[in-house]
Amino acid sequence: MTVQPVPPIPTLTLQAEHPQDAALVDALIERAFGPGRYAKASERVRELATFAPDLSVCAWSGENLLGVARMWHVQVGGVRAMFLGPFAVEQGERNAGFGARLVARACEAAKAAGETHVVLVGDEPYFSRVGFSAALGRQVVLPGPVDPRRVLVRRLTPDAVELAGLIEPT
Ligand SMILES: CC(C)(COP(=O)(O)OP(=O)(O)OC[C@H]1O[C@@H](n2cnc3c(N)ncnc32)[C@H](O)[C@@H]1OP(=O)(O)O)[C@@H](O)C(=O)NCCC(=O)NCCS
């Protein structure tokens with residue numbers, strides 16, 4: 001019997017985003033979302049938010065960038081929060097848990113920095129696995145049209161208040 005070679009599982013290193021990473025990160029995001037992403041309400045948030053490279057996470061295997069989760073400072077109804085996105089894993093590397101690890105690390109970094117909430121726009125069936133839920137009954141409002149069921153929040157501390165209100169610059 002011939003034993004087939006098993007492709008190596010990439011060793012993942014998670015790091016904050018550095019200025020020199022931006023071109024590779026932008027290219028990964030472009031491949032994952034295409035130009036249509038500029039029409040999204042999340043993009044309107046990012047236009048007004050302050051980028052937080054120190055709380056953003058890049059997943060590397062050697063010199064290959066496999067995924068990214070960017071983070072932004074905002075406030076929601078006057079309460080400071082982090083806004084997560086874009087979030088993407090390179091096509092050939094998906095379904096290996098890298099996405100979940102990126103989100104977990106970004107939330108850990110935010111909590112360690114004293115932040116209490118992470119907000120994003122995404123699919124609840126995916127993000128509920130990593131601690132996010134829809135703000136039922138209490139709306140987090142984006143500066144653009146969005147399905148409210150896709151506006152998800154993770155509270156990083158047990159005593160964090162429920163977020164409600166418009167997402168604005170800090
Ligand atoms: C979303 C994304 C980052 C997930 O990365 P990943 O490394 O594959 O994620 P994980 O390995 O942690 O999780 C994979 C699991 O989530 C599921 N999943 C992926 N996207 C999903 C979605 N939109 N809704 C529900 N489940 C989803 C997969 O089917 C898989 O399920 P399984 O564990 O039962 O097999 C990746 O699919 C991606 O880059 N997609 C394109 C960009 C995108 O849509 N980003 C999110 C925008 S908010």
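**Reading contacts, core and ligand shell**

User: Which residues does Ala 16 touch, not counting residues up to four places away in sequence?

Analyst: Ala 16 touches Pro 53, Asp 54, Ser 56 and Val 57. Keep in mind that this is a predicted model. Ala 16 itself is found in strand β1, residues 13-16. Ala 16 and Cys 58 are 42 residues apart in sequence, yet 6.0 Å apart in space, C-alpha to C-alpha.

User: Is Ala 16 buried, exposed or partly exposed?

Analyst: Count the other C-beta atoms within 10 Å: 20 or more means buried, 12 or fewer means exposed. Ala 16 has 16, so Ala 16 is partly exposed.

User: Which residues touch the most other members of the largest nonpolar core?

Analyst: Met 82, Phe 83 and Ala 106 do, in a core of 42 residues. Elements supplying at least two residues of this core include α1, β5 and α3. Leaving aside neighbours within four places in sequence, Ala 106 is in contact with Leu 55, Ser 56, Val 57, Ala 69, Met 71 and Leu 84.

User: What span should helix α1 have?

Analyst: Helix α1, residues 22-33, has 12 residues and should span 16 Å at 1.5 Å a residue. Its end C-alpha atoms are 16 Å apart, which agrees. Just after α1, Gly 34 takes a positive phi of about 70°.

User: Which residues come nearest to the ligand?

Analyst: Of the 16 residues around the ligand, they are Arg 94, Gly 99, Ala 100, Gly 122 and Asp 123. The shell divides into nine nonpolar, five polar and two charged residues. Its largest share, four residues, comes from β5.

Definitions and conventions
Residues numbered from 1 in each chain as written. Predicted model: local features only at pLDDT ≥ 70, side-chain atom pairs only at ≥ 80, totals over all residues. Near = placed C-beta within 6 Å. Nonpolar A, V, L, I, M, F, W, Y, C, P; charged D, E, K, R; others polar. Expected span 1.5 Å × (residues − 1). Core = buried A, V, L, I, M, F, W, Y, C linked by C-beta atoms within 7 Å. Contact = placed C-beta atoms within 7 Å.
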